[in-house]
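The following report examines how the side chains of one protein chain pack and pair with one another. Please read it alongside the sequence and the coordinates.

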Amino acid sequence: MFQASKTHLNELQIKCLEEIVIVIDKQDQIIGADTKRNCHLMENIDKGLLHRGFSVVLFNTQNQLLVQRRADAKYTFPGHFTDSCSSHPLYVPEELEEEDAVGVRRAALRRLQAELGIPQDQISIMDIIFMNRIYHKSPSDDIWGDHEIGYLLLVRKDLTLNPDPREVRSYSYMSQEDVQELLDRGTRGEEKITPWFRTIAEGFLLSWWPHLEDVSPFVEPDKIYGL
């Protein structure tokens, strides 16, 4: 069954499944490590396997949000509209560092450069602001799913983009009204939207949007949204 479920994946996605990510408990305490593949199989998620992830919401200085549509070869939620960049810190020393979420921010910097093609000289971890943590559990299909505590990270900067088509099917900058219309179309079944992007947009972004020019960390250290 697992082999059959991989038939839509490209070579990059199959390789990514062997990356080692951070296994946590529901208090976001590190308890181990496992492959990305094992962490996203529903048979393991149903047994409680939980991992650490992140989502980046990237705004330009016109306060438009970068929204991407995931490539059709992604193993979870292929072809869905989602946040600017979402992935996982790896189980390596530089991405395990927890003070000021610096490890997760380093992981986000790595993925922003790899997935969105942002030049290294245009962005640093100082541009990436840790805002909150979000718990979500969501099946993608009978085989794959997501069960993570995701760090919500915010960037507001004008950047050059050159997304990897193996990761990103399409992308555009959207106004608050555009995002609301996208969510409405998703509710009507006209578009596919990742569940975590809906949570982020409805739970945070629509209230943050008027205050983006004064953005500052929103973290409540002991609180995880959704738990």
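Arg156 counts as partly exposed in this predicted model, because its relative accessibility is 27%. Its side chain meets that of Glu213 in a salt bridge, with 3.9 Å from N to O. This pair links distant parts of the chain, since Arg156 belongs to strand S8 and Glu213 to the segment after H8, 57 residues apart. Glu213, for its part, counts as exposed at 59% relative accessibility.

The bridge between Arg156 and Glu213 belongs to a set of 16 salt bridges that the structure holds. Another joins Asp28 to Arg52, where the closest N and O atoms are 3.1 Å apart. Here too distant parts of the chain are linked: Asp28 sits in the loop between S1 and strand S2 (30-35), whereas Arg52 is in strand S3, 24 residues apart. Both Asp28 and Arg52 are buried. A further bridge is formed by the side chains of Arg188 and Glu190, at 3.0 Å from N to O. In that pair Arg188 counts as exposed at 52% relative accessibility, while Glu190 is partly exposed with a relative accessible area of 47%. Through salt bridges that share partners, Asp28, Arg52, Glu98 and Arg133 are joined into one network.

| Salt bridge | N to O distance |
|---|---|
| Arg156 and Glu213 | 3.9 Å |
| Asp28 and Arg52 | 3.1 Å |
| Arg188 and Glu190 | 3.0 Å |

The nonpolar interior comes next. In soluble globular proteins, nonpolar side chains tend to be buried together. The largest nonpolar core in this model has 24 residues, of which Val57, Phe59, Leu65, Val67, Val179 and Leu205 touch the most other members. Two or more residues are contributed by each of strand S3 (51-59), strand S4 (65-70), strand S7 (129-139), strand S8 (145-156), helix H7 (176-187) and helix H8 (195-208). The largest share, seven residues, is supplied by H8. Apart from this core lies another, of 22 residues, among them Leu109, Leu116, Phe130 and Leu159.

Which residues does Val179 contact, leaving aside its neighbours within four places in sequence? They are Leu65, Val67, Met174, Phe197, Ala201 and Trp209. Of these contacts, Leu65 and Val67 are, like Val179 itself, among the core residues that touch the most other members.

Aromatic rings provide a further set of pairings, and the structure holds six such pairs. In the pair of Phe59 and Trp209 the ring centres are 5.2 Å apart and the planes stand at 90°, so the arrangement is edge-to-face. Because Phe59 lies in strand S3 and Trp209 in the segment after H8, this pair ties together parts that are 150 residues apart in sequence. Phe59 is buried, with a relative accessible area of 1%, and Trp209 also counts as buried, at 6% relative accessibility.

The pair of Phe204 and Trp208 is tilted instead, with 5.4 Å from centre to centre and 55° between the planes. Both residues lie in helix H8, four residues apart, which is about one turn of the helix. Phe204 counts as buried at 3% relative accessibility, and Trp208 counts as buried at 12%. Ring pairs also bring in Tyr225, so that Phe204, Trp208 and Tyr225 are linked into a cluster.

Some features of the surface complete the description. Ile20, Ile30 and Tyr91 form a nonpolar patch there, and together they have about 240 Å² of accessible area. Ile20 has its place in strand S1 (residues 20-24) and, at 37% relative accessibility, counts as partly exposed.

Asp222, in the segment after H8, counts as exposed at 80% relative accessibility; its C-alpha atom is separated by 22 Å from that of Val57, which is 165 residues away along the chain.

How values were computed: Residues are numbered from 1 along each chain as its sequence is written. This is a predicted model: local features need pLDDT of at least 70, side-chain atom pairs count only at pLDDT 80 or more; totals for chains, interfaces and linings use all residues. Side-chain values use heavy atoms; hydrogens and water are left out. A nonpolar core is a set of buried Ala, Val, Leu, Ile, Met, Phe, Trp, Tyr and Cys residues joined through side-chain atoms within 4.5 Å. Buried means under 20% relative accessible area, exposed over 50%, partly exposed in between (1.4 Å probe, protein chains only). Contact means heavy atoms within 4.5 Å. Patches are made of residues with over 30% relative accessible area and no salt bridge: like charges are joined within 9 Å, nonpolar side chains (Val, Leu, Ile, Met, Phe, Trp, Tyr) within 5 Å. Accessible areas come from the Shrake-Rupley method with a 1.4 Å probe; for residues, only the protein chains shown count as cover. A salt bridge is a side-chain nitrogen of Lys or Arg within 4 Å of a carboxyl oxygen of Asp or Glu. Rings of Phe, Tyr and Trp (its six-membered ring) pair if their centres lie within 6.5 Å; planes under 30 degrees apart count as stacked, over 60 as edge-to-face and the rest as tilted.
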